[in-house]
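Here is a short briefing to read alongside the model. Take a look at the structure first, then follow the topics below.

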Amino acid sequence: MRTYRVAIVGTGGIAAVHADNLARTDGRAQLVGACDVDQGRLDAFAEKHAIPGTYLTLGGLLAEARPDIVHLCTPPMFHIDQAIECLEAGVHVLSEKPPALSLADFDRLETAQAKGGAQFSCVFQHRFGDAAAAARQLIGGSEFGRPLVARCDTLWYRPDSYWDLPWRGTWNAEGGGPTMGHGIHQFDLLLHLLGPWEEVTAVAARQARATSTEDLSAAIVRFRNGAVATMINSLLSPRETSDIRIDCEFATVELSHLYGYSTDNWTITAAPGHEDQVAGAWNGAPLERGSGHSAQFLAMYDALDAALPLPADAASARQTLELAAAIYASAFTGRAVRRGEIVSGHPFYGGMDGNGLGAKVLDSTALNRPAVDAAV
């Protein structure tokens, strides 16, 4: 098993999560460099995590530190251009979410990956727990039966002070509100469990927070396999929880947690008369490792060792980003949106607010609070 040279770009709060989890990979990763535009913050981060190389530019890091993998922990508006720079240099990328602010920007990755021969992956760490792997295998199989009904809720709370950072709550910097920046983790897991979505009908609103984006969205999603799911993405919920429930023919699969789960956060309930087959199938699966960044890091290294496509690769990340775009498109046009509909020339292909339509709709329907200045 190879040890990979890893560098972190951006040294804010999420970068510390990456560094701490890299230390839990049993020697599979060597932190060789960090990059930030703030020298003081960069130096403090490097000292805390014993990182030998510090760089004020991404180009300098790529040239001198020679990493195998770069972790992008910068604000969302920087992700895509930084990813392209790394990929064109032949360096693999693990990007925090969202991977891009639009489908148009995201689709630039294909050329960059081909040019440099490197691969892109997005941080969707909830896919990588043992229970998620077991649920994915069992949902739709003979023991659990086909999925019929589901719900996926990200009910979080952020006070007004959360938006003190000037790039938060803006279309230009975050690409959206809780749909893009918060709920995306949970509905990415739902897509991982249920497969391709087909159609979405949604609403989005600015209920209480002084943002340019929504602070709430709700959607009904129909999947290719026939399952129908409801979805809420909220930053207005004092009792915070993250929940997925999938009702199959013979079993209900439930996950309730907040920012990460263990096996204990999953509940499996059998339909009457199917108790033995459901319990046997679930208890027969390996159910030790919970979700988390380190689980995804290890899966990434294993894929590279085997010369396989990276988990949470560009193709699967695009499906999740496309659902976010479709939620906004449906919410701001008032009609259902089908998968594959948002292509070049569509108003929501180049931005999640549909060339300013989202801002107009939210401004006209906001109940309590004005929008902030969207300039960044």
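The count comes to one cavity of 30 Å³ or more, where a cavity is a set of points on a 1 Å grid over the protein atoms alone at which a 1.4 Å probe fits but cannot get out. Grid points are joined across faces, edges and corners, and a volume is the space filled by probe spheres set on the points. This is a predicted model, so please keep in mind that local features need pLDDT of at least 70 and side-chain atom pairs count only at pLDDT 80 or more, while totals for chains, interfaces and linings use all residues. Residues are numbered from 1 along each chain as its sequence is written, and side-chain values use heavy atoms, with hydrogens and water left out.

**The cavity**

- About 30 Å³ of space lies in the largest cavity.
- Its lining, meaning residues with an atom within 4 Å of a point, consists of Trp163, Gly169, Glu174, Gly176, Gly177, Pro178, Gly181, His182 and Leu235.
- By class, three of these lining residues are nonpolar, five polar and one charged; Ala, Val, Leu, Ile, Met, Phe, Trp, Tyr, Cys and Pro count as nonpolar, Asp, Glu, Lys and Arg as charged, and the others, Gly among them, as polar.

**The largest pocket**

- A pocket is an open set of points with protein on both sides within 12 Å along at least five of seven lines, and the largest pocket has a volume of about 1100 Å³.
- The lining of the largest pocket has 41 residues, and Ile14, Cys73, Thr74, Trp167 and Arg168 lie nearest its centre.
- Helix H1 (13–22) and helix H4 (79–88) are the elements that give two or more residues to this lining; helices (H or I, at least four residues) and strands (E, at least two) are DSSP runs, numbered from the N terminus.
- H1 provides the largest share of the lining, four residues.
- Sorted by class, the pocket lining has 18 nonpolar, 16 polar and seven charged residues.

**Helix H11**

- In helix H11 (residues 275–283), Val278, Ala281 and Trp282 are the buried residues, buried being under 20% relative accessible area, exposed over 50% and partly exposed in between (1.4 Å probe, protein chains only).
- They cover an arc of only 95° around the axis, which puts them on the same side of H11; the arc is that of the directions from the helix axis to the C-beta atoms.
- Asp276 and Asn283 are exposed on the other side of H11.
- The buried residues of H11 pack against helix H7 (130–138), strand S12 (251–257) and strand S13 (266–270), with contact meaning heavy atoms within 4.5 Å.

**The sheet**

- Eight strands form an open sheet of mixed pairing, in the order S13-S12-S11-S7-S10-S9-S8-S14; two strands pair if DSSP finds at least two bridges between them.
- S13 and S14 stand at the edges with a single partner strand each, so one side of each is left without a neighbour in the sheet.
- Strands S9 (residues 216–223) and S10 (residues 228–234) run antiparallel and are joined by seven bridges.
- Ala219 has Met231 in S10 as its bridge partner.

**Backbone details**

- Most residues other than glycine have a negative phi, and most peptide bonds are trans.
- Lys97 and Pro98 are joined by a cis peptide bond, with omega about -15°.
- Pro98 is found in the loop between strand S5 (92–95) and helix H5 (103–106).
- Ala307 has a positive phi near 55° and is exposed, with a relative accessible area of 69%.
- Asn355 has a positive phi near 60° and counts as exposed at 66% relative accessibility.
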